[in-house]
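Hi,

Here is the structure I promised to pass on to you. Please have it open while you read, and my notes follow just below.

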Amino acid sequence: MADISLTLPDGECKTVAKGVTVADALKALVSNKTRKKTVAVRLDGRLMDLSAVLESDASFEPISSDAPEALEILRHSAAHVMAEAVVSLFGDEVKVAIGPATADGFYYDFDRSEPFTPDDFERIEAKMKELVAAAAPFSRETMPVAAAIELFTKSGQPYKVELLKEIAEDEVSIYRQGAFVDLCRGPHLPHTGFLQAFKIVKLAGAYWRGNENNQMLQRLYGTAFFDGKALTAYLHQLEEAKKRDHRKLGKELELFSIQDQVGPGLILWQPKGALLRKILEDHWRDEHYRNDYELLFTPHIARRDMWQTSGHLDFYGENMFSPMDIDEVSYQLKPMNCPFHIAIYKTRMRSYREFPLRWCELGTVYRYEKTGALHGLMRVRGFTQDDAHIFCKPDQLEKEIYNILDLNLHILQTFGFDNYDIYLSTRPEKYVGDDEHWEQATNALKLALEKKGLKYEIDPGEGVFYGPKIDIKIKDVIGRSWQCSTIQVDFNLPERFEISYTGEDGNKHQPIMIHRALMGSLERFLGVLIEHYAGAFPVWLAPTQARILNITDAQADYVEEVYQELRRAGVRIEKDLRNEKLNYKIRDAQMQKIPYMLIIGDKEMEERQVTVRLRDGKNLPAMSLPEFAALVAKENEQGRRGVCNNPGK
RNA sequence: GCCCACGUAACUCAGUAGGUAGAGUACUUCCUUGGUAAGGAAGAAGUCACCGGUUCGAAUCCGGUCGUGGGCUCCA
């Protein structure tokens, strides 16, 4: 039999007989130890099963169970095993849909008239364990589409048949393990025995093929790892994330509330939260002032006609609140700030000489969101955008985008967000404006990103209908992604509102408009910050920076003095004069995550000092009031500059 | 909006053969004046989300409404 040549990752070429399986080749090519950890191989860039037959020369890369690809294979296989367990327990009443691996686990969608219950989870898991103990091999078969359709028609799996009917290729692959057959591209584990650590975590509804007009299926979510420790660690991390939940912390730290009486998706900022928000807003305004922006304020409602002109009613009418009649004229709650900014633009003739105009506003907008989409501060019906609109000439576009990126990243870095993914979204199928403008604008966005030395991905066709955009997704301290910043070029509104400027040639031209939001929605951004910091805000942001704790009533007058003096010095301070022991007060301040506790006993009172306890339990040496005020002032200054010196986390 | 689950004092929760409610924390008062994560005692506090039905009787069963959670869909 002829030999074929395999190129290993280290560049070494080895020959094996043509027609052997990957598993056989591994025996000849790698150590036993490596072989036992290998769950698949990448042949010329394609992931394949160990049972695959080697037919020609190829690059050959064993995928060890440590590799990220291996985890995906494991989870995909786990989905199959879960489906087998479900079918075996619930029989023909269950139709299987699809079951892929996800970022942190896997799911499988089922169609079954009875809902699954959490009790079923245990039964299914127990069944899965049996299937794992059997170490049944996953075997791959290929067959013509027609044959597969026949197979799944016979076994009564209409969803599989529907999928098959849309497959353009001649052949498809199916996988069998035990009694279960699934349409699947693979690859899979050699056998079910690899599946040692898994858990079904939740149940949810999901539309067939993600279309809300389709049948609602039951989706069982699970997760799986190669070993139990990793699974435990993952479950532990879920617990940690729960502790950071901004809804829980928002309540505990008295930052905000959402109440039935007021309505869903509407935020009430309580004193502490309002102060936090004020600090954020002040910072935002200062930074914008320094970067040559001008501040605007605009109303919350406007005549319905304006929203007709802007196109919002046509494009987003379903997501706007119903109109209200005022003196027989129809008005509409604003879903966006831009038309108001344009109205200000139109207050007089504009010349190219005053360009670029950079107008910003913390503008509160209202959007009708479906009830099921609402989520704490993250998705609400009334929120404040840190909005800005820049009016400029085409040849100023690139520089403006560059400047926006600069300010944007600077502000994000202030909060320790220096890890992000950037996406450039290009022209979608439905769009307005001419192709030339689109190309010009897309290029300007690209050039600005490149000049700034930023890595980005192109999101083809994901631009808004009125222009291309850049989106920035930040990563928080526990690695979760949040999309906040967006920079969008708009060809639509200048046209619709017929705005113009006089150019160097004395003729009228249409300006280019850039929309941008850095934090996105303040509500959402604050929600992200709460989770990012787990409620323990750095000193410059903390609504309460220090709380005075006295030891006994004897120091009450001095506490009052300290309180007044530090408050006048600009420290955000509270006093706890309650008739309680120090331990009790410390515990309370600690749970409120206050950065500094100022302890005052007779000693401090005599010396006219305070003893400073940090959130991490450490103490600073006793200091005078001016010294402490200076300490806080320095923290404020550094925090605003993004130098994060956060005592005791 | 759709699927599933849930909705008991300010908070966290207990309360299944249907007989008009309980704990801890917080709150108020009193005692205690105590140096780095909960001192003690007493008290007040709930139309058991709302509306309707079944029943002699419903927090508990049924239906509807509102809200919350996990997803799906959507997100200018």
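Glu 254 sits in the loop between helix 8 and strand 14. Although Glu 254 is not a glycine, its phi is positive, about 55°. That stands out because most residues other than glycine have a negative phi. Is Glu 254 buried, exposed or something in between? With 14 C-beta neighbours inside 10 Å, Glu 254 counts as partly exposed. Please keep in mind that this is a predicted model.

A second residue of this kind is Glu 498, again not a glycine, with a positive phi of about 50°. Look for Glu 498 in the loop between helix 15 (492–496) and strand 26 (501–502). Glu 498 is exposed, as 11 other C-beta atoms lie within 10 Å.

The peptide bond from Gly 186 to Pro 187 is cis, with omega near 0°, and Pro 187 lies in the loop between strand 11 (180–183) and strand 12. Phe 355 and Pro 356 are also joined by a cis peptide bond, with omega about -10°. Pro 356 belongs to the loop between helix 12 (338–345) and strand 20. For background, most peptide bonds are trans.

Next, helix 9. Which residues of helix 9 are buried? They are Gly 273, Leu 276, Arg 277, Leu 280 and His 288. These cover an arc of only 105° around the axis, which means they are on the same side of helix 9. The elements covering these buried residues include strand 14 (256–257), strand 15 (268–269), strand 20 (357–366) and helix 16 (522–532). On the face turned away from the buried side you will find exposed residues, among them Lys 278, Asp 282 and Tyr 289. After helix 9 comes Asp 292, with a positive phi near 70°.

Now for the RNA. Of the 55 residues around RNA strand B, Gly 205, Gly 210, Lys 370, Gly 372 and Gly 601 come nearest. By class, this surface has 21 nonpolar, 18 polar and 16 charged residues. Which helix gives the most to it? Helix 18 does, with seven residues.

Finally, the overall layout: chain A is divided into domain 1 (3–64), domain 2 (69–241), domain 3 (256–298 + 337–532) and domain 4 (546–641). The centres of domain 2 and domain 4 are 57 Å apart.

Enjoy exploring!

Key:
Residues numbered from 1 in each chain as written. Chains lettered and ligands numbered in written order. Predicted model: local features only at pLDDT ≥ 70, side-chain atom pairs only at ≥ 80, totals over all residues. Buried ≥ 20, exposed ≤ 12 C-beta atoms within 10 Å, placed from the backbone. Helix = DSSP H or I, 4+ residues; strand = E, 2+ residues; numbered from the N terminus. Arc of directions from axis to C-beta. Contact = placed C-beta atoms within 7 Å. Near = placed C-beta within 6 Å. Nonpolar A, V, L, I, M, F, W, Y, C, P; charged D, E, K, R; others polar. Domains from an automatic or database assignment.
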